[in-house]
Amino acid sequence: MASLYNRAALASILFVGATAEESCPCPETLRIGGVSHGNEADKFWDPVYAAANRAAMDSSVDLDFARYDESSTLTGQGGQEIVDWMVDTIEKMCTGDNTVDGMFSTINDVAVLTALKANCLANGIPTVIINAGGNLAQESGNFLHFIGADDYNTGKDAGEKLLAACPTCQRFYCLDHCGGCTSWTDRCRGFEDAVGDAYGQTIQIDDSSEDAYIASVESVIIGTNGTWGDDVGLLLGTHQSMILFAEALHNKHKKVKLAGVDTSPGLFEVLGDDEWLWGTSQQPYLQGYYPVQMLANTVRMGGQSLQTFNLETGPTFVTEAPEGQALCNSDPFQSCIVDDDQEPETVSSLTDDEPSPGARKLASVTTRFVSAALRIFGI
C-alpha cells in the first residue's frame with residue numbers, strides 16, 4: 001500500500017511539473033524600432049547596428065533599426081537631410097496602425113527630440129536614447145535611459161589629460177567636424193572648461209578634402225596668432241579620413257599634439273607615434289545591444305526598468321593598439337575575416353529524429369528530477 005501511495009505522490013509531482021512547464025509559453029515577438037544619425041559611410045556605427053541585431057535575436061524581437069543610406073560623405077550629425085529623415089522615420093514608427101512596441105534613437109538635433117516626444121512618448125511607447133543627446137533627454141523627462149558616453153565629460157576628461165601630457169603646449173583647440181552637432185558642442189565645451197585660459201577656440205572643420213581640412217585649421221591658428229607658434233594641442237575625431245588628414249597636418253606642422261575621440265583601425269596604426277597621445281572608447285557595441293534588450297524586458301515586464309537614467313558606456317582612454325585576435329575582440333571597427341580555406345561555423349539543421357538542444361536539456365533535467373524523487377520515496 002505504501003508503495004502505491006508513493007507512486008501516486010510521484011505521479012502527482014511529475015504532473016504538476018509538466019503542467020507548470022507547459023503553462024509558460026514562449027514570449028511574444030515584439031517589434032522594436034530604432035534610428036540614428038549614423039549614415040552608412042560612418043563605420044563607427046557598424047558595431048552599433050551589429051549589436052542591435054544580435055540583441056534582437058537573443059530577445060525574440062522583430063527589429064526595425066533604420067540607417068541613412070547616403071554614403072557620399074561623412075556628414076556626421078550635422079547634415080540637415082539626416083535630421084529631416086530621422087524625424088520622418090520616427091513619425092512612421094510611432095504613429096499609425098502598426099506602431100512599434102519600443103523605440104530607441106540618438107538625439108542629434110532639437111527637431112529629433114521634438115519628434116520623439118510628440119510621436120513616441122505621446123503614444124505611450126517606451127523610448128531609450130543612445131549615443132547622443134543624453135542631457136536633452138534627461139531635461140525633457142519621460143525617456144527611460146540614456147546609453148552612451150557623456151559628451152561633456154568626454155571633452156573635460158580629455159582636456160585635463162592633454163594639459164598634463166603636453167606641458168609645453170601654449171594653446172588648445174577642439175576640432176568639430178560635424179557642423180555644431182550636439183555631441184561635439186558638448187565635447188568642446190567640456191574641453192574648454194578643462195584647459196581654461198589656454199583654450200583657443202572651437203574650429204569648424206571642412207573635411208571635404210585633405211587640403212580643405214588643413215586650411216580650416218590654419219585659418220584659425222595662424223590667422224589668429226600670425227604664426228603656428230609653439231606646441232599646439234588638438235582634440236579631434238578619429239574617423240579613418242580624419243586620421244589621414246591629421247597626419248598630413250602634422251607633417252606640415254611638427255609642433256602639434258593630437259588626442260582623439262573614439263577609435264578606428266586608422267588610429268590604431270598611428271598610436272605610439274610621438275604626435276598621437278590617445279583615442280577614447282565609448283563601447284559602441286553596448287550602445288546597440290542594451291537598448292533592444294532593455295526595451296524588450298520593459299515591455300514584457302509591464303513597465304519595469306532600471307531606475308538609473310544614465311547608463312555610461314565610456315569614455316575610457318586607449319593609448320596602444322591591441323594585437324592579434326585582441327584587435328578583433330577589442331575593436332569592433334575591425335573586420336575579422338576568416339582564411340579563404342576556412343569554412344564559417346554554422347549550426348546544422350536538425351534531422352527529423354534528432355532532439356533539439358532545448359529538448360536534450362529538458363530531458364536531462366527531468367531524468368535528474370525523477371531519480372531524486374525515486375530516492376526520496378524509496379521506489
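The legends below describe close-up views of a predicted model.

Residues are numbered from 1 along each chain as its sequence is written. Local features need pLDDT of at least 70, side-chain atom pairs count only at pLDDT 80 or more, and totals for chains, interfaces and linings use all residues, while side-chain values use heavy atoms, without hydrogens and water.

**View 1. The whole chain.** The chain has 13 helices and twelve strands. These are DSSP runs numbered from the N terminus (helices: H or I, at least four residues; strands: E, at least two). Of the 379 residues, 44% are buried. Buried means under 20% relative accessible area, exposed over 50%, and partly exposed in between (1.4 Å probe, protein chains only). Among contacts with a separation of 6 or more, 72% join residues 24 or more positions apart; a contact is heavy atoms within 4.5 Å. The accessible surface is about 19100 Å², and carbon and sulfur atoms hold 50% of that area. Areas come from the Shrake-Rupley method with a 1.4 Å probe; for residues, only the protein chains shown count as cover.

**View 2. The largest nonpolar core.** This core has 27 residues. A nonpolar core is a set of buried Ala, Val, Leu, Ile, Met, Phe, Trp, Tyr and Cys residues joined through side-chain atoms within 4.5 Å. Leu175, Tyr213, Val217 and Leu234 have the most contacts inside the core. Strands S6 (171–176), S8 (232–237) and S9 (256–261) each supply at least two residues, as do helices H8 (210–225), H9 (240–252) and H10 (265–270). H9 gives the most, with six residues. Beyond four places in sequence, the contacts of Leu234 include Leu162, Tyr173, Leu175, Ile221 and Leu249. Leu234 also touches Val256, Lys257, Leu258 and Ala259. Another core, of 24 residues, lies apart from this one; among its members are Ile82, Val100, Ala115 and Ile125.

**View 3. Ser105 in strand S3.** The strand spans residues 102–105. Ser105 is buried, with a relative accessible area of 0%. Not counting residues up to four places away in sequence, Ser105 touches Val35, Met86, Ile90, Val112, Leu116, Val128, Ile129 and Ile130.

**View 4. Asp231 in the loop between H8 and S8**. Asp231 and Cys166 are 65 residues apart in sequence, yet their C-alpha atoms are 8.2 Å apart. Leaving aside neighbours within four places, Asp231 is in contact with Cys166, Thr168, Cys169, Gln170, Arg171 and Lys255.

View 5. The whole structure has two cavities of 30 Å³ or more. A cavity is a set of points on a 1 Å grid over the protein atoms alone where a 1.4 Å probe fits but cannot get out; lining residues have an atom within 4 Å of a point. Volume is the space filled by probe spheres set on the points, which are joined across faces, edges and corners. Its lining includes Asp151, Arg187, Asp262, Gln282 and Pro315. Pro315 sits in the loop between strand S11 (310–314) and strand S12 (316–318). The peptide bond from Gly314 to Pro315 is cis, with omega near 5°.

**View 6. Positive phi at Ser60 and Asn142**. Ser60 has phi near 55°. The Ser60 site is the loop between helix H2 (46–58) and strand S2 (61–66). Ser60 is partly exposed, at 26% relative accessible area. Asn142 has phi of about 75°. The Asn142 loop runs between helix H5 (134–140) and strand S5 (146–149). Asn142 is exposed, at 68%.

Notes: On a 1 Å grid over the protein atoms alone, a cavity is a set of points where a 1.4 Å probe fits but cannot get out, and a pocket is an open set with protein on both sides within 12 Å along at least five of seven lines; lining residues have an atom within 4 Å of a point.
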